[in-house]
Amino acid sequence: MTVTTKRDLIAQVAAQWHAQYYRNGEWKPVLDDASERIYEQLRHLPESAREADVTAIISNDAWTTIRCTECDRNVGVAVVFAGGDKTTLTLCAQCLRTALFRLEDSEYGDPTGHPTNSMTERKDAQHD
Ligand SMILES: [Zn+2]
């Protein structure tokens, strides 16, 4: 499980672009052969660069989008769970809170995952 943020993606976008489009000593032709020019622009982005700055260079927001698997919103931060079969699950804070609430609200909601004794307590309360 890792936490990823837009700030992380923006900071890594030049390196990611290079890894994607530079192979065997040459740039792969993408976007009208602009892959090297785009890399140079990404590489010179200031540390304070924002998502819009990256989008303006690449012409899409695919490199900075963090899309929650559950609610499909583009969020600023999310937790990424990587499955053994290379599938990933990206969840935003709101969906994680909802999931946690549902877990804790179930009859197995105590931290050990064992059934709570709330039924016993209710029976005791009825005898009073
Ligand atoms: Zn979500």
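The structure is a predicted model, in which local features are reported only where pLDDT is at least 70 and side-chain atom pairs count only at pLDDT 80 or more, whereas totals for chains, interfaces and linings use all residues. Residue numbers start from 1 along each chain as its sequence is written. The pLDDT is the predictor's confidence in each residue, on a scale from 0 to 100. The protein averages a pLDDT of 87, and 87% of the residues score at least 70. Confidence is highest in strand E1, at 96, and lowest in helix H5 (residues 118-127), at a mean of 49. Over residues 120-125 the pLDDT falls below 50, and this stretch has zero contacts in the model beyond near neighbours in sequence. Two residues are taken to be in contact if their C-beta atoms, placed from the backbone, lie within 7 Å.

Five helices and five strands make up the secondary structure of the protein. These elements are DSSP runs numbered from the N terminus, helices being H or I runs of at least four residues and strands being E runs of at least two. Along the sequence they follow the pattern β-α-β-β-α-α-β-β-α-α. Among the contacts in the protein with a separation of 6 or more, 37% are accounted for by residues 24 or more positions apart. Of the 128 residues, 9% count as buried. A residue is buried if 20 or more other C-beta atoms lie within 10 Å of its own, exposed if 12 or fewer do, and partly exposed in between, with C-beta atoms placed from the backbone.

Three of the strands form an open sheet in the order E1-E4-E5, with antiparallel pairing. Strands E1 (2-5) and E5 (88-91) stand at the edges with a single partner strand each, so one side of each is left without a neighbour in the sheet. From one strand to the next, the twist averages 30°. Strands are treated as paired if DSSP finds at least two bridges between them. Strand E1 pairs with strand E4 (residues 77-82) in the antiparallel sense over four bridges, and Val 3 has Val 79 of E4 as its bridge partner.

Thr 5 is located in strand E1. With 13 other C-beta atoms within 10 Å, Thr 5 is partly exposed. Leaving aside residues up to four places away in sequence, Thr 5 touches Gly 76 and Val 77. Thr 5 is also 7.6 Å from Ile 66, C-alpha to C-alpha, although the two are 61 residues apart in sequence.

Two packed helices are described by the angle between their axes and the distance between the axes. Axes are lines fitted to C-alpha atoms, for helices over the stretch in contact, and angles run from 0 to 180 degrees between N-to-C directions. Helix H1 (residues 6-21) and helix H2 pack at an angle of about 160°, with their axes 8 Å apart. The two helices H1 and H2 are therefore roughly antiparallel to each other, a class that covers angles over 145 degrees, while those under 35 count as roughly parallel, 65 to 115 as roughly perpendicular and the rest as oblique. The contact is made by Val 13, Ala 14, Trp 17, His 18 and Tyr 21 of H1 together with Ser 35, Ile 38, Tyr 39, Leu 42 and Arg 43 of H2.

The loop between helix H2 (35-43) and helix H3 (51-58) contains Pro 46 and Leu 45. Pro 46 counts as exposed, with 7 C-beta neighbours inside 10 Å, whereas Leu 45 is partly exposed, with 16 other C-beta atoms within 10 Å. Pro 46 lies 9.2 Å from Ala 11, C-alpha to C-alpha, across 35 residues of sequence. Leu 45 and Ile 57 are 12 residues apart in sequence and 9.9 Å apart in space, C-alpha to C-alpha.

The loop between H3 and E4 holds Ser 59 and Asp 72. Ser 59 has a positive phi of about 80° although it is not a glycine, and phi of Asp 72, another residue other than glycine, is positive and near 70°. Ser 59 is exposed, with 10 other C-beta atoms within 10 Å; Asp 72 is exposed with 8.
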